[in-house]
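Colleague: I would like to learn how to read sheets, helices and salt bridges in a model. Could we take them one at a time?

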Amino acid sequence: MIRSLNIAKIRKKVTKKLAILLFGSIAGLISLKFLVWDRDNYRWLIEDLYYRPPIDTKLTLAPALTDISRDKFRAATITDASRLEPTPVAAIYQPQSVDEIRHLIATAQRTGHKISMSGARHSMGGQIAAPNSLHLDLLKFDRVIYNADTTVTVASGATWQQIQRELGKHGRAVRVMQDSNIFSVGGSLSVNAHGKDPRFGSLIESVVSFKLLNAQGVEINCSRTENPELFRATIGGMGLFGVITNVVLKTEPNSTYKYTVVHKPIEQAIDFMEAQIKRSNLESIEAQVSIDRDNYIKAAQIYYFDKVPTNPQLVDDVSGDNSIWLRKLVYRTSRANNWGRQFRWFMQQQIGSRLDPSQLTRNSAMAAPFRTLQLNDPQTTDVLQEYFIPVAKVPEFIAAYRKMLLTHDMQLLNVTIRKVKPDTEALVSYAHTDMYAFVSYYKIPKAETGTAQMTRFTRQMMDYLQTIDGKFYLAYRGYYSRSQIHQMYPQLKTLFQLKQTYDPTELFSNKWYLVAR
């Protein structure tokens, strides 16, 4: 009798605990659904624990395109990664051949529309679209062919990741690209992007030639000897001269790198980087700067890659997904408040260097974990700016930059420093001498208050850059005035004159051009 009573009590306790556990699990699942899963800005907490990239979908931080047409007009809206430039267009097309693009050019001429074009849509200043235009999304125009002379021929919609995957099969690597491989070659050429290998300058240096489909629907070859004027104007010309159909690029050996991280006070960072750059075996270097208010722009974490004897067992990893959940968690925390930025700097110093292998290939080193920056916040957005500073002026710039940031109460999320060699080839060049690029990421409200704040800050920055012979990168949102940008880039006058020569009806257009011309 006693034994049966004990068993009954045990069963009652177990049943109660199971009921509590079940109720708690249901409550937890309901909380996950409504507080996480149903909120786009938090769903990644679950999804990224076991992330599998969508098949045949190229990564971009810009919103997905909809209402894409193959053969008829279908009004749509297109915007960039900042989500601050929504532009209504007459139709969006995804051409996959030169003949399709030529047909769309003829259609635009017949109907009186303009043509705009885009790749990953990360230029944030209206460069990707014109109102009521026929918009060409070129990401499916993406053939990649490796050549016997170690060059690679690519269509303009190919991403750098696609190129890396093909080059890796042949023991080769990209020479110059941005810090991520998600961007398209055509987009990179249109802004004449630079990389983080200090041996090379901006992208134009790596281009052997390209073909351009012009406003008359004629495909012409452009190089340093054939149509050289168009060669110099189109690279960095914001897509104003036609559709780049294919590009021949120089490549590099896919070397094995040793990865090193050091920490320096900001005052010592540039001298340290300059000393490293002089070493023959260094092939990549950049620095990230502290951004929490207690340590504001006062310390740098410097990453550099030395070439070492080739390790044939190393395999390229160009996915950009290394430790992505943790990286994204730390980044999102830093967006919240100053404590989050302190936490991020601590994590970068103590753990960041352990997330990457001590040895890796050149292709792997150039594939940054870009999904860290994915965001769909309804209230705020993150915008890029980039400033090019002559080497001798960097200490002065750092002090002035810190002061401007505090004056305008900017919510700074990241500053990366890279060396940029002079570029005397591109018509609109941002690097007339040895310079350091400060790549800066800001969190701003999507409301008008964000625009007003960025406008005040950027216009003061533009005035200051003029005093030190610095440059503002044209790929980003134009909070500056028209007079400021023409004063900084007097070559724009020549660029727009050439536009009238080669495209007198202004068939190729975008919002940046409509404001800047």
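Modeller: We will go through sheets, then a helix, then salt bridges. Keep in mind that this is a predicted model.

Colleague: How many bridges pair strand 13 with strand 15?

Modeller: Strand 13 (residues 256–265) and strand 15 (residues 299–308) are paired over 10 bridges, in the antiparallel sense. To follow the pairing residue by residue, find Y259, whose bridge partner in strand 15 is F305. Then find V261, whose partner in strand 15 is Y303. Strand 13 also pairs with strand 16, through three bridges and again antiparallel. There, K258 has Q359 of strand 16 as its bridge partner.

Colleague: What is the strand order in the sheet of five strands?

Modeller: That open sheet has the order 6-7-11-9-10, with antiparallel pairing. Its edge strands, strand 6 (144–146) and strand 10, each pair on one side only. From one strand to the next, the twist averages 15°. Strand 6 and strand 7 (residues 152–155) run antiparallel and are joined by three bridges. One of the paired residues is I145, with T153 as its bridge partner in strand 7.

Colleague: Which strands of this sheet does helix 3 touch?

Modeller: Helix 3 (residues 98–111) packs on the sheet and touches strand 9 (207–213), strand 10 and strand 11 (243–249). The direction of helix 3 makes about 45° with that of strand 9. Helix 4 (residues 160–168) lies across strand 6, strand 7 and strand 11, and runs at about 30° to strand 6.

Colleague: Now a helix. Which residues of helix 14 are buried?

Modeller: A general point comes before the case. An α-helix has 3.6 residues a turn, so residues three or four places apart point the same way. In helix 14, the buried residues are L492, L495, F496, L498 and K499. Seen down the axis of helix 14, its buried residues fall within an arc of 155°, so they line one face. The face turned away from that buried side carries K493 and T501, which are exposed.

Colleague: Which elements do the buried residues of helix 14 pack against?

Modeller: They pack against helix 6, helix 13 (482–488) and helix 15 (511–516).

Colleague: Last, salt bridges. How many salt bridges does a search of the whole structure find?

Modeller: Side chains of opposite charge can pair when their charged atoms come close. The search finds 26 salt bridges in the whole structure. One of the pairs is K169 with E166, where the closest N and O atoms are 3.2 Å apart. K169 is exposed, at a relative accessible area of 63%, whereas E166 counts as buried at 19%.

Colleague: Where in the chain do R224 and E425 lie?

Modeller: R224 is in the loop between strand 10 (219–223) and helix 6 (228–234), and E425 is in the loop between strand 18 and strand 19. They are 201 residues apart, so the pair links distant parts of the chain. The closest N and O atoms of this salt bridge are 2.6 Å apart. R224 is partly exposed, with a relative accessible area of 34%, and E425 is partly exposed at 25%.

Colleague: Are K499 and D503 buried or exposed?

Modeller: Both K499 and D503 are buried. They form a salt bridge, with the closest N and O atoms 2.6 Å apart. Elsewhere, salt bridges that share partners join R175, D197, R199, E252, E283, K307 and R362 into one network.

Definitions and conventions: Residues are numbered from 1 along each chain as its sequence is written. This is a predicted model: local features need pLDDT of at least 70, side-chain atom pairs count only at pLDDT 80 or more; totals for chains, interfaces and linings use all residues. Side-chain values use heavy atoms; hydrogens and water are left out. Two strands pair if DSSP finds at least two bridges between them. Helices (H or I, at least four residues) and strands (E, at least two) are DSSP runs, numbered from the N terminus. A salt bridge is a side-chain nitrogen of Lys or Arg within 4 Å of a carboxyl oxygen of Asp or Glu. Buried means under 20% relative accessible area, exposed over 50%, partly exposed in between (1.4 Å probe, protein chains only). The arc is that of the directions from the helix axis to the C-beta atoms. Contact means heavy atoms within 4.5 Å. Axes are lines fitted to C-alpha atoms, for helices over the stretch in contact, and angles run from 0 to 180 degrees between N-to-C directions.
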